[in-house]
Amino acid sequence: MAIDLNKVRNIGICAHIDAGKTTVTERILFYTGKIYKVGEVHEGTATMDSLQEEQERGITIQSAATTCPYTFRGDDYKINLIDTPGHVDFTIEVERSLRVLDGAVAVFDGKEGVEAQSETVWRQADRYGVPRMCLINKMDKLGADFDFSFKSLRTRLGANAIAIQIPIGFGNDFKGIIDLMTMKAMYWTAEDQGVNVTIKDIPADLQDAAELWRGEMVEKIAEIDDSLTEKFLTDPSTITVEELKASLRRSVIGLKCFPVLCGSALKYVGIQSVLDAVVEYLPNPTERPDVVGVDPNDPSVHMTRPHSADAPFSALVFKVVADVAGTLTYIRVYSGKLEKGMRVLNPVNGRKENVSRLYEMHAQNRTALDDTGPGQIVAVVGLKDSYTGDTLCDQDKPIILERMTFPEPVISMSIEPQTADDKKKLGEALTTIRREDPSFRSNYNEETGETIISGMGELHLEIIKNKLVRDMKIGVNVGKPRVSYRETITGMAKDVRGLFKKQTGGRGQYGDAVVTIRPITAEEAEAEELEMENGVVFVDAVPGGAIPREFIPSVEYGIRQAAASGVIGGYPVINVRVDLVFGSSHDVDSNQIAFEQAGAMAFREAFTRAGPALLEPIMKVVITTPDEFFGNVSGDVASRRGQIIDSEMRGASRQITAEVPLSELFGYTTALRSMTQGRAAASMEPLTYRQMPERLKLEVLANQ
């Protein structure tokens with residue numbers, strides 16, 4: 001079935017937690033006819049929050065994909081929609097969604113404006129060059145302020161925001177919106193769930209304000225579009241609405257500006273105009289740049305694929321979900337055609353995969369398809385060795401599309417099965433969760449017999465624990481969450497030898513490697529064009545023939561293995577450069593294993609001589625509190641070894657931005673509520689790693 005790509009929109013709804021993303025999505029599904037009863041997040045009945053955890057907590061944990069039809073001015077459009085989480089622990093869900101979307105609707109709370117996680121999401125969208133429009137939601141909320149929220153888009157995000165709507169009233173007096181393009185007032189009512197819009201003239205008391213906002217809108221649009229600049233300078237009244245809309249569309253797609261709308265999803269106000277704006281201003285797949293990749297046989301050769309059904313097939317895996325019918329793999333098709341039963345190549349691991357079934361998804365429900373084409377987001381069944389970030393492509397025309405970057409976990413806890421049966425099931429379950437969630441890690445410690453699971457935050461690990469116990473019915477005991485530290489060095493150690501020599505009668509073992517190690521940051525490595533892998537740079541500086549060429553990869557492997565398991569406390573080593581400077585070999589006794597051991601020995605010895613240090617994760621914490629509690633909150637931050645970086649008044653509240661070590665933040669939300677009578681809120685995200693004070697380092701190592 002050929003689909004007109006001009007009539008397709010791939011969009012995501014993303015924002016800070018509690019800005020109303022899922023409610024906006026529910027209204028969109030209702031107005032496009034995908035659901036006939038509107039679900040509510042606060043009642044646990046939202047269609048897109050299908051997991052039991054999501055319904056109980058009233059938050060989104062997994063991004064959910066759906067496809068819905070929309071008729072705009074007599075034309076039928078197809079909107080592929082992804083509702084993403086707002087909680088920072090699930091930022092990976094936003095990351096992978098933005099990677100495959102053509103446009104996004106960023107939702108903001110009408111009272112709070114730009115919040116901490118809004119900034120994170122905005123930066124992620126910037127990284128992938130995703131055109132956006134903004135919805136200032138919750139205009140019915142007590143204390144909602146459109147002017148403040150609009151200004152925060154410009155000041156805090158540095159976004160060239162252009163208002164194309166303004167609200168009629170605020171809070172309890174919020175009645176509708178004024179469309180600045182047509183200069184008409186639009187009203188919806190909750191009685192018919194906002195299905196019908198009433199269009200009237202602008203109320204007399206708002207006419208001047210509307211004229212002012214419209215003047216600014218026209219000026220801003222003309223400013224970034226040369227074709228309108230001259231008209232604007234000579235006679236702005238000659239610019240037509242069609243010209244303004246066409247110009248705004250070009251500028252949005254070119255990432256030059258971001259149109260701003262307003263409304264209240266909960267009160268059914270303004271959501272159809274959001275859908276209209278998605279069609280009018282966000283790009284279809286053909287208006288995005290051709291997808292870029294590299295040749296699997298020669299990564300220095302760059303390739304592109306056009307958004308065309310006639311081009312060779314290419315698609316990106318962006319999500320893997322274990323399902324009763326088998327593993328569902330969500331893919332975005334960029335070029336070519338995919339048919340049910342087709343055999344495709346995963347060029348990342350060289351495996352061939354069978355696409356046994358194809359589905360168009362609607363949250364938990366699905367529609368079977370026979371084929372699909374470019375610009376489509378679908379789920380496939382039958383893939384066995386393809387993970388998030390992998391490419392699928394034509395077997396004869398391979399290409400590897402740009403991979404996604406996944407954050408490193410910052411928190412871990414031990415987990416042990418209660419019975420032998422649970423032990424067997426636990427291994428399989430953790431493998432399944434790792435496939436689904438690239439920000440989750442698990443590893444088994446041979447020495448202690450513990451399984452350690454690591455993730456992005458306390459909530460992340462709690463959700464995984466509940467998944468194991470409740471969904472997978474595995475009995476486990478869990479330890480307390482603990483911090484994922486890192487090891488590094490503060491100085492340099494030159495010419496340190498690792499000599500591995502074993503004589504057992506007959507053929508022996510002999511490996512000899514000499515290394516120099518020093519600190520290096522990721523930025524320095526990039527500037528010197530050195531490849532940093534898992535925090536370690538390896539440089540082969542061996543003079544000709546000292547070590548046979550075939551053993552140098554073995555030395556590197558030994559060094560990397562030693563770095564991964566740490567030297568002083570068993571934590572991974574980062575920000576270290578290792579130069580292999582000399583060595584020797586034996587004609588008979590040298591082999592790969594001997595040189596792996598020599599590399600590991602040299603690295604450990606050099607590391608202990610180079611001033612080892614422990615690094616701890618530092619979190620960026622954003623606290624919103626009534627001003628009267630500022631003293632209590634800032635004193636508490638200082639007592640947790642935190643630093644306040646910024647503090648600003650936002651209405652009657654104060655927003656504090658601080659940098660605090662993660663180890664001091666366990667249970668912080670509860671402590672914050674108790675010291676502010678439940679009136680303050682905080683959000684946190686990983687920021688960086690910093691060196692620990694010596695006293696605390698020794699404490700951590702002593703408690704190992």
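This is a short tour of the structure, stop by stop, for you to follow in your viewer.

Before you start, note that this is a predicted model, in which local features need pLDDT of at least 70, side-chain atom pairs count only at pLDDT 80 or more, and totals for chains, interfaces and linings use all residues. Residues are numbered from 1 along each chain as its sequence is written, and side-chain values use heavy atoms, with hydrogens and water left out.

**Stop 1: the core.** Select Val105, Phe146, Phe150, Leu153, Met217 and Leu248. These have the most contacts inside the largest nonpolar core, which has 77 residues. A nonpolar core is a set of buried Ala, Val, Leu, Ile, Met, Phe, Trp, Tyr and Cys residues joined through side-chain atoms within 4.5 Å. Buried means under 20% relative accessible area, exposed over 50%, and partly exposed in between (1.4 Å probe, protein chains only).

Now centre on Met217. Which residues does Met217 touch, not counting those up to four places away in sequence? Ile162, Ala163, Ile164, Leu180, Met181 and Leu244 (contact means heavy atoms within 4.5 Å). Apart from this core lies another, of 37 residues, including Ile411 and Leu468.

**Stop 2: helix α8.** Select residues 241–253, which form helix α8. Helices (H or I, at least four residues) and strands (E, at least two) are DSSP runs, numbered from the N terminus. Among the buried residues of α8 are Leu244, Leu248 and Val252. An α-helix has 3.6 residues a turn, so residues three or four places apart point the same way. After α8 comes Leu255, whose phi is positive, near 60 degrees.

**Stop 3: Thr67.** Thr67 sits in strand β2 (residues 64–72). Is Thr67 buried or exposed? Thr67 is buried, with a relative accessible area of 6%. Its side chain is joined to that of Asn80 by a polar contact of 2.9 Å. Such a contact is a pair of N or O atoms within 3.5 Å; within protein, one must be able to donate a hydrogen and the other to accept it, and residues adjacent in sequence count only if both atoms are side-chain atoms.

**Stop 4: the rings.** The whole structure holds eleven aromatic pairs. Rings of Phe, Tyr and Trp (its six-membered ring) pair if their centres lie within 6.5 Å; planes under 30 degrees apart count as stacked, over 60 as edge-to-face and the rest as tilted. Select Phe72 and Tyr77: their centres are 6.4 Å apart and their planes at 65 degrees, so this pair is edge-to-face. Then go to Phe551 and Phe595, a stacked pair with 4.9 Å centre to centre and 15 degrees between the planes.

Definitions and conventions
The expected span of a helix is 1.5 Å times one less than its number of residues.
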